Amino acid sequence: MTEGRCLPQIFNFALPLLLGNLLQQTYSLVDAAIVGKFLGINALASVGASTSVVFLILGFCNGCCGGFGIPVAQKFGARDYRTMRRYVSVSLQLAAVMSVVIAIVTSLLCADILHWMRTPDNIFEGAYYYLLITFIGVPCTFFYNLLSSIIRALGDSKTPFWFLLLSTVLNIVLDLFCILALGWGVAGAAIATLIAQAVSAGLCYVYMMKRFDILRTTPAERKYDGALARTLLYIGVPMGLQFSITAIGSIMLQSANNALGTACVAAFTAAMRIKMFFMTPLESLGIAMATYSGQNYGAGKPERIWQGVKAAALMMIIYWAFTFVVLMLGARTFALLFVEATETEILNDTALFLHISVSFFPVLGLLCILRYTIQGAGFTNLAMLSGVSEMVARILVSVFAVPVFGYLAVCFGDPTAWIFAVAFLVPAFSYVYRKIKRIRNNKEELEGVKELKADALS
């Protein structure tokens, strides 16, 4: 993506990525819809009571995976394939250790986490088993996202989509089988998702090793390299922490919402599933910008990064106009996927949440574009600080607004966080863009001096 017109390149790269992420969101959407329809409101609340905690852990994993893919994209853009292969090998080694440790620690803390979040007693057991199985499946999720990130870094965003399509269909079938045929309840929904993620990860690994000749490593390239590991962790961990820090604010917000009762928890669960589904194109556009930015940074073309940001912003505004109309008119209809028409309070609260959220999607879109562009250029610490801004905003809403305004304040929690983050990211991107231009100009000056010396010697 270092040559040619920016908009069609970003769009063509983001489209299969978008479809894949929509399918990934379908996992949670299908889980919640089947649980709500067949098991009832309490079971739906059980699935949703730990949503923010799941985002905290899986968000950290996914952020690390995206960060591990950035050096791969940069080396691919610079055509340094040997170092690129070594990065891939070390990232797989790091993933194996990190995912197992995270799975063990979080599984042991499940009950404590739910108590800290003030989960209502009548949904505690279901929430516990759903959360426990989700944490046990962390290695599957970690490896799927890492392998997808590596494949995308090499410019192929289509193949992970096809694997995810297969596993989504498998997830739906297993959901129905585990819940209806086996009677496993909420735990069955989590087991179905775990198996589907494992299938996706396995298919990605087999394809990656057979399809890309440039990834075939020698024994020397497969050895653990501490220096490369530190580089990967330096980029990946801040990206992971960015998600986790953001999630801390979400946990505070959800904890405040949990205290409002089961009906509010159910409405929040349904609204979040729908919102995440419609947010996915914005997130996908951001992820595409990370690869685009990484490759052009590696190729020493900062002007193309700015052109890409403008192209992505145009696509974002067009998508928001469409989504605004859909959710303003159809929010209540979407809520009926989860609850019966007689649950008027839950339907009204779900629609209110979605109407407020979609009104602020342009802010969220700008947040995704700028954050991932900054990450792609390697400035992950700045991106992490934007997550701190989100966390602060959500905590302020949780502590001061929710006790006074109740569920209405919960609805404004995310939009407030997005505004805080963008207020930080706009000047941060300006700083990054000026810096990478200076780096490029300095390199050109050094190369010019070397050429002059060579001419003088000849």
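# Helices and selected residues

Ser389 has a relative accessibility of 16% and therefore counts as buried; the term means under 20% relative accessible area, with exposed over 50% and partly exposed in between, using a 1.4 Å probe and protein chains only. The model is predicted: local features need pLDDT of at least 70, side-chain atom pairs count only at pLDDT 80 or more, and totals for chains, interfaces and linings use all residues. Residues are numbered from 1 along each chain as its sequence is written, and side-chain values use heavy atoms, with hydrogens and water left out. Helices (H or I, at least four residues) and strands (E, at least two) are DSSP runs, numbered from the N terminus.

**Ser389 in H15**

- Ser389 lies in helix H15, which covers residues 380-405.
- Apart from neighbours within four places in sequence, Ser389 is in contact (heavy atoms within 4.5 Å) with Phe420, Ala421 and Phe424.

**The H12 and H13 pair**

- Two packed helices are described by the angle between their axes and the distance between the axes.
- For H12 (residues 302-335) and H13 (residues 344-359), the angle is about 175 degrees and the axes are 8 Å apart; axes are lines fitted to C-alpha atoms, for helices over the stretch in contact, and angles run from 0 to 180 degrees between N-to-C directions.
- H12 and H13 are therefore roughly antiparallel, a label for angles over 145 degrees, whereas under 35 counts as roughly parallel, 65 to 115 as roughly perpendicular and the rest as oblique.
- On the H12 side, the contact residues include Trp320, Phe324, Leu327 and Arg332, and those on the H13 side include Leu347, Asn348, Leu354 and His355.
- By class, the residues of this contact are 10 nonpolar, 6 polar and 1 charged; Ala, Val, Leu, Ile, Met, Phe, Trp, Tyr, Cys and Pro count as nonpolar, Asp, Glu, Lys and Arg as charged, and the others, Gly among them, as polar.
- Ala341 sits in the loop between H12 and H13, and its 53% relative accessibility is why Ala341 counts as exposed.
- Leaving out neighbours within four places in sequence, Ala341 is in contact with Leu336 and Leu347.

- H11 (residues 262-298) has 37 residues and spans 50 Å from first to last C-alpha, close to the 54 Å expected at 1.5 Å a residue; the expected span is 1.5 Å times one less than the number of residues.
- A bend of about 40 degrees occurs in H11 at Met279, with Pro281 following within four residues; the bend is the angle between axes fitted to the seven residues ending at a residue and the seven starting there.
- In H11, 31 of the 37 residues are buried.
- Gly300 follows H11 and has a positive phi, near 70 degrees.
- H7 (residues 138-153) has 16 residues, and its reach of 22 Å is close to the expected 22 Å.
- Of the 16 residues of H7, 14 are buried, and just after the helix Gly155 has a positive phi of about 95 degrees.

- Val72, in H3 (residues 51-77), is buried at 0% relative accessibility.
- Val72 and Thr291 are 219 residues apart in sequence, and their C-alpha atoms are 9.5 Å apart.
- Thr134 belongs to H6 (residues 124-136) and is buried, with a relative accessible area of 16%.
- Beyond residues up to four places away in sequence, Thr134 touches Val54, Leu58 and Ala190.
- Asp175 is in H8 (residues 159-181) and counts as buried at 0% relative accessibility.
- The C-alpha atoms of Asp175 and Ala190 are separated by 8.4 Å, with the two residues 15 apart along the chain.
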